[in-house]
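Subject: A structure for you to look at

Hello,

Here is the structure I promised to pass on to you. Please open it first, and then read my notes below.

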Amino acid sequence: MIMLNKELRRHYRIQNGVFIILILLLVIVLGFFAAQYRFQWDVSQNGRNSLSETSIEIVRKLQGPVLVTAYATEQHAQLGDIRKIIADFVALYQRINPDLSLTFIDPVEQPVLTQQADVKVNGELVIKYNQRTEHLTNINEQAFSNALMRLARAEDKLIMALSGHGERKLEGDANYDLGEFGKYLRTNGFNSQTLNLAIEQDVPINANVLLIASPQTDLFPGEVDKVLNYIDRGGNLLWLVDQESLRGLLPLTEKLRLTLTPGVVIDPQAEQLKAPITFSLGAIYGRHAITNNFNYITVFPYARQITINENEDWRSVALVEVAQQGWIETGDLNGNITFDQATDVPGPVSIAVALTRNIRDREQRIVVVGSGHFLANTYLGNGSNLDFGINLVNWLTGDEELIVIQPRATMDDSLMLSESELAMIAVGFLVLLPAFFLVTGLVIRWRRRRIVK
């Protein structure tokens, strides 16, 4: 019996020794891999502690050093340790691109450097890349990634907006105008100028895109000829067409091999969502760079149908299809709107198309949208109209990889617990869990002593 007890004790010692050696080996292996490799998991509800795929792609495209200088004091009156906030935020980008560096300058201790950098706010960031500079006063992913996107552009893109016929203005503040959209274009590295073809000889050769935004009066035949000549030269075009007359631009539809059907698209689905029945909801998109990974709802008020005619000149894609259960209303919109099988055209309806062709050793790009309202100041905030509009312009200017960054709402920034819930957590961690481990240990010790005896 004594020999048996000695054998059991020796067996337990060997077992414990092997266990300790294995634990030490595991710690060594884990330490080695931790030194060689880095893995991170973001378990927050909406991934707010990591970058979106779009931001990651933009950061990876930056070749060469990116210098970020933060003009911030040690402590901020409202934010506290603002330097730590900035450092933690910039670290998200540094993990993707080690060439991105961060330097702090105290604006109080270095007033001359601060003034030379034209810094106005405590905590302002100055980002330099390829001899270009961006200033940021808001620190969030959307603002920072958009700044990197602007810096990544080789040069600012020029949008020429046709004027002289009551078009929607990119600088206008009226509900009808595109002023808010124009502001976003400028913050994303686009410049815009107005173009009156009644005065100018032609569309400037340095224009990246010609914008025709819902003329209210007819263009002169000579102006139309200049637009057609611009298309023949391979110019890019964004044409916003409303339900009214084409204003003398019928020859342009013929050149693009398109048919714009009269009437307004009626979408019963919009009425179910408490929106006017004359608002078309975009949720089905064609396969195209503009709509790649674009899974958001867009709203097109008073849209009209755009039909692609079969031809060998243009490669065409229907970008947005709406009104699956709707129709094209050709009657009066002020009365009771119902489907008339004799005159109305049933859905689904295509209301936006993208056209391309190779001309003069480059790809010409054109987009026609059957609703100028969707980018107007009144409706720009509906759905993801802004994002869709920015994507249109990015693609037209050849920067489809630099798409808009979606701001992510912070869904889990705080945890609200009642007093009873806090008490339960305290009892669980401070009493029940230690008691469980204590009882488990006593039971194991008692069983081993019985076996030894």
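**What I found**

Arg315, Glu363 and Arg365 are joined in a network of salt bridges, where a salt bridge is a side-chain nitrogen of Lys or Arg within 4 Å of a carboxyl oxygen of Asp or Glu.

A word on the source: this is a predicted model, in which local features need pLDDT of at least 70 and side-chain atom pairs count only at pLDDT 80 or more, while totals for chains, interfaces and linings use all residues. Residues are numbered from 1 along each chain as its sequence is written, and side-chain values use heavy atoms, with hydrogens and water left out.

**The chain as a whole**

The protein chain has eleven helices and 19 strands; these are DSSP runs (helices H or I, at least four residues; strands E, at least two), numbered from the N terminus. Of its 453 residues, 43% are buried. Here buried means under 20% relative accessible area, exposed over 50%, and partly exposed in between (1.4 Å probe, protein chains only). The chain exposes about 25600 Å², with carbon and sulfur atoms supplying 55% of it; accessible areas come from the Shrake-Rupley method with a 1.4 Å probe, and for residues only the protein chains shown count as cover. If you take contacts (heavy atoms within 4.5 Å) between residues at least 6 apart in sequence, 70% of them join residues at least 24 apart.

**Salt bridges**

The structure holds eleven salt bridges. In one of them, Asp242 meets Arg168, with the closest N and O atoms 2.9 Å apart. Asp242 lies in the loop between β8 (237-240) and α8 (250-256) and Arg168 in the loop between β5 (157-162) and α6 (179-187), so this pair ties together parts that are 74 residues apart in sequence. Asp242 is buried at 4% relative accessible area, and Arg168 is buried at 3%. Arg168 also lies over the face of Tyr176, 4.0 Å from the ring centre (the rule asks for NZ of Lys or CZ of Arg within 6 Å of the ring centre and within 35 degrees of the ring normal).

Another salt bridge links Arg60 and Glu57 (3.9 Å, N to O). Both residues lie in helix α2 (residues 53-61), three residues apart, about one turn of the helix.

Asp118 and Lys120 form one too, at 3.0 Å between the closest N and O atoms. Asp118 is partly exposed at 44%, whereas Lys120 is exposed at 67%.

**Aromatic rings**

Rings of Phe, Tyr and Trp (its six-membered ring) pair if their centres lie within 6.5 Å; planes under 30 degrees apart count as stacked, over 60 as edge-to-face and the rest as tilted. By this rule there are 13 aromatic pairs. Phe279 and Tyr302 have ring centres 6.1 Å apart and planes at 70°, so they are edge-to-face. Phe294 and Tyr296 also belong to one aromatic cluster, which includes Tyr285, Phe300, Phe374 and Phe388. Of these, Phe294 is buried at 5%, while Tyr296 is partly exposed at 34%.

**A nonpolar patch**

Lastly, what forms the nonpolar patch on the surface? Ile425, Val427, Phe429, Leu430, Val431, Leu432, Leu433, Phe436 and Phe437 do, with about 940 Å² of accessible area together. Patches are made of residues with over 30% relative accessible area and no salt bridge, joined within 9 Å for like charges and within 5 Å for nonpolar side chains (Val, Leu, Ile, Met, Phe, Trp, Tyr). Leu433 lies in helix α11 (residues 419-452) and is partly exposed at 36%.

Best wishes
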